[in-house]
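Please have the sequence and the 3D view open while you read my notes.

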Amino acid sequence: MNCTLRILPHLRDRPDRLAISTLRGGRASFADIGQLAGAVQSFMQREGLRAGDPVLVLAQPSPLLYGTLVGLLGQGLQVLFVEPWLPVSDIEHILATVQPRAFIGSRAAQLWALRVPGVRRIPRWVHVGRFRRARGHAFEPVDVASDQTATITFSSGTTGRPKGVVRSHECMASLQEAVVEAGSLDAYEEPALCVFPNLALLHLGTGRGGVLVPGKWSRRNLQKVAAEAGRRRVASLTTGPAFLLHLLRTIPDGDLLPGLRTVMVGGAQTDRWILERCFERWPETRWIHLYGSSEAEPVAVADARRAVQLSEERGLFQTLFVGAPVPVIEARPEPAGLRVRGPNVATRLGDSPSVDWLEMGDRITVDDAGWWYGGRASQPGDEFDLEQRLYSFLETSACFVTRDADGRLCLCGEGVERRVGRDRAGFASLFPEIQHIVETPIVRDRRHRARIDRRATLASLPTTARIPQ
């Protein structure tokens, strides 16, 4: 099987329908994507690249990029993605491990690559713009084994160490099925609004197409993408809490995205008030809470309104109820962390083939209502519970606790001194275990913009304010 077989009928049956729309790269129909994919496939064949060969790809999201990805995957090539802000030493290690045979990138990407010796050693460099003028045959996916690697994605990960997430062709196809089923998105013909670029590729397989939110969330860009979404009558949005929060703060008034019928919010620790504000803003919209990870998307699903209500009943500042596992997932909530397996679960590069279950590293508890997120298994449960109580007292989640070299608990965060000062006696009474308060700006993860990067936050402290570890 080849995961791009799902796109093939749409290239034939709905050639004029919108496939991809981006602010900077313009729009493309399914016919345009098919033509680009065929040109890319023909080019790779002429270059002697065959199924199984790895190719590094780096370019801004655009119709050209998505046509290129469809062509590469259709040819059975392994598409390697690397976050360009990773340390050069990490990128060097990645390239030495995967050994890509070609590098396809924009001009900006090629300039970036000049500082990375491992990229300079890749034998073939191809400017992605070349495919606009290339000629090729009709796109026709080659047959590959279901377990053959389709994509390898390297990111910094929550620990700050790069990890390679490997998705097979079967995994890519199953991911689409799982997300579509979780949101009942198969009922929609209109395009999807996509905050995450990988979901735009997914929606090509549904035949709906996607309108991409640009990476720079300025007011002007948001207004432009909202206008495009209105013209295209987008029916659904899949996002994280950071985008919703930015949307609420940047454009607080006005009838923005009025046609949304379903919104899927990913994450396990969305502040309740963000979702409550969104329910008020879009009262007729169906809201779904998704829980998963980079390797397993999605794992569990819940009605977001119910998740907020149950979390409020427990006095939680955040939405920690994550519902129940999706049908394709087998799950084992264990004291050492949640373990899952299923066709939509990716593997990690370097894992032994005998590894059957993915260790997600999250603590999940189960009661009659369903699943509850209990923090990372590597963090003591009492510290996670302490943070949740702190969030409620301080009325913010822009903080966290850590321990110094002597094991004493420190509270770090934005505005914590001011918030504690409103009731210092009450704080001391409720949280006697907190020994130090460190006022510091919170550094967010570059991919998951709502997630606190604890390591980077601590590293950004002035030397005189560093917490001895």
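This is a predicted model: local features need pLDDT of at least 70, side-chain atom pairs count only at pLDDT 80 or more; totals for chains, interfaces and linings use all residues.

1. Let's begin with helix 4, residues 88–98. Its buried residues are I91, I94, L95 and V98. Looking down the helix axis, you will find these buried residues within an arc of 95 degrees, so they line one face of helix 4. The face turned away from that buried side carries the exposed residues S89, H93 and A96.

2. What do the buried residues of helix 4 pack against? Their partners are strand 3 (54–58), strand 4 (78–82), helix 5 (107–113), helix 6 (117–120) and strand 7 (149–155). Do look at the end of the helix too: just after helix 4, Q99 takes a positive phi of about 55 degrees.

3. Helix 8 spans residues 169–183, and its 15 residues reach 22 Å from the first C-alpha to the last, close to the 21 Å expected at 1.5 Å a residue. Helix 8 is mostly covered, with 12 of its 15 residues buried. Among them are H169, Q176 and S174, as well as M172, L175, V179 and V180. Just after helix 8 comes S184, with a positive phi of about 50 degrees.

4. Helix 8 also has a part in the second largest pocket: at least two lining residues come from each of strand 8 (163–168), helix 8, strand 19 (337–341) and strand 20 (347–348). Strand 8 gives the most, with 3 residues. The space in this pocket is about 480 Å³.

5. Which residues lie nearest the centre of the second largest pocket? They are V345, A346, T347, R348 and V355, out of 25 lining residues.

6. A search of the whole structure finds 1 cavity of 30 Å³ or more, and the largest cavity holds about 30 Å³ of space. Helix 10 (219–232) and helix 11 (241–250) are the elements that give two or more residues to its lining, and helix 10 supplies the largest share, 3 residues.

Terms used: Residues are numbered from 1 along each chain as its sequence is written. Side-chain values use heavy atoms; hydrogens and water are left out. Helices (H or I, at least four residues) and strands (E, at least two) are DSSP runs, numbered from the N terminus. The expected span of a helix is 1.5 Å times one less than its number of residues. Buried means under 20% relative accessible area, exposed over 50%, partly exposed in between (1.4 Å probe, protein chains only). On a 1 Å grid over the protein atoms alone, a cavity is a set of points where a 1.4 Å probe fits but cannot get out, and a pocket is an open set with protein on both sides within 12 Å along at least five of seven lines; lining residues have an atom within 4 Å of a point. Grid points are joined across faces, edges and corners, and a volume is the space filled by probe spheres set on the points. The arc is that of the directions from the helix axis to the C-beta atoms. Contact means heavy atoms within 4.5 Å.
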